[in-house]
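Welcome! Open your viewer, get the selection tool ready, and let's walk through this model together.

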Amino acid sequence: MKLLFGGILLLLVFAVTGISKYHQRKSRLMQLPANNPQAFIEKGSLQEGKKLVAVIGGDIVHGTISYNFVDDAARRRSCKDYQFINAGVNGSTAYDVLQRLEDVIACQPDFVVVLVGLNDAAVKIAPEFARNNTKLAEQGEKPSLLVYEKNLSLIVSRLKVETSSKIGLMSLPVAGENLFSKENMELDQYNEGIKKIAAMHHVSYLPFNEKLKAYLKGKNQTRGRSLKNSWKLYKKSVIDHLVFGHSLDRISYANGYLLLTDGIHLNSTAGMIAAHQLELFLKQNEHNGFANGTKGSYTS
């Protein structure tokens, strides 16, 4: 009898622990970065002598389940004269970014970098992610490449009209590490769309995707692990990282990736490449003095 009671008690402890970990995980996923736009507006905390940089997007920018490349850039010596705002929100599409653009505009940043589109493309490249993304379900128009391009163009148009920011559009990362997969071929179309919109609006294009591909080619790993089972890997990665405190690089290694954790989100290697793209964009624009509305394409 005592043994039975002990077993039941143990099961209850496991159940309570599991529920606690679930809520802990959910809370951390929803928590915005400390340097989010609303926090900046409330504090009015532009540091003396610094220029303001806003980075807008979804999971990759938010940096809770993906390497926080915005914070990485902020720590770099060459970026000491810049203050960074992280306007990333997990699960966001270009439509979502457009809806919350007011807060970024209210900050009147000197520079804006936009990195969004993986959640838009998820309907085709990662259906399980799309089915579990409530933001997609709430979007008025069914996600497609044309809808994405329309919303991204509207984002750039509003930023150009309502701020004096120098604007950069960063290409989307790889989806899985098999560069010949249908998922990466689909993303290539989205990145061509980003490049087209950057040229159309005369803003900078930051070749993040191209740099990741070059890295994999340099390692002779162009046919690496695909997106297979990525949703299961994602759920496990979230628990491992946010609940048990495993590093993103440890998770990445365990899952068999060089640049990604679960096939979608970034480890530190990919994140530092993104931070370097941001760093170069700031240097390039300061050096050349590109003003908003002038041609300032950056592709190095």
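Here is a short tour of a core and some charged pairs.

Before you click, note that this is a predicted model, in which local features need pLDDT of at least 70, side-chain atom pairs count only at pLDDT 80 or more, and totals for chains, interfaces and linings use all residues. Residues are numbered from 1 along each chain as its sequence is written, and side-chain values use heavy atoms, with hydrogens and water left out.

**Stop 1: the core.** Select F69, F84, V114, L152, I155, L169 and L278, which touch the most other members of the largest nonpolar core, a set of 81 residues. Such a core is made of buried Ala, Val, Leu, Ile, Met, Phe, Trp, Tyr and Cys residues joined through side-chain atoms within 4.5 Å. Buried means under 20% relative accessible area, exposed over 50%, and partly exposed in between (1.4 Å probe, protein chains only).

**Stop 2: R76 and E279.** Now pick R76, which forms a salt bridge with E279; their closest N and O atoms are 2.9 Å apart. A salt bridge here is a side-chain nitrogen of Lys or Arg within 4 Å of a carboxyl oxygen of Asp or Glu. Are these two residues buried or exposed? Both R76 and E279 are buried.

**Stop 3: K283.** From E279, move to K283: their side chains also meet in a salt bridge (3.9 Å, N to O). While E279 is buried at 9% relative accessible area, K283 is partly exposed at 43%.
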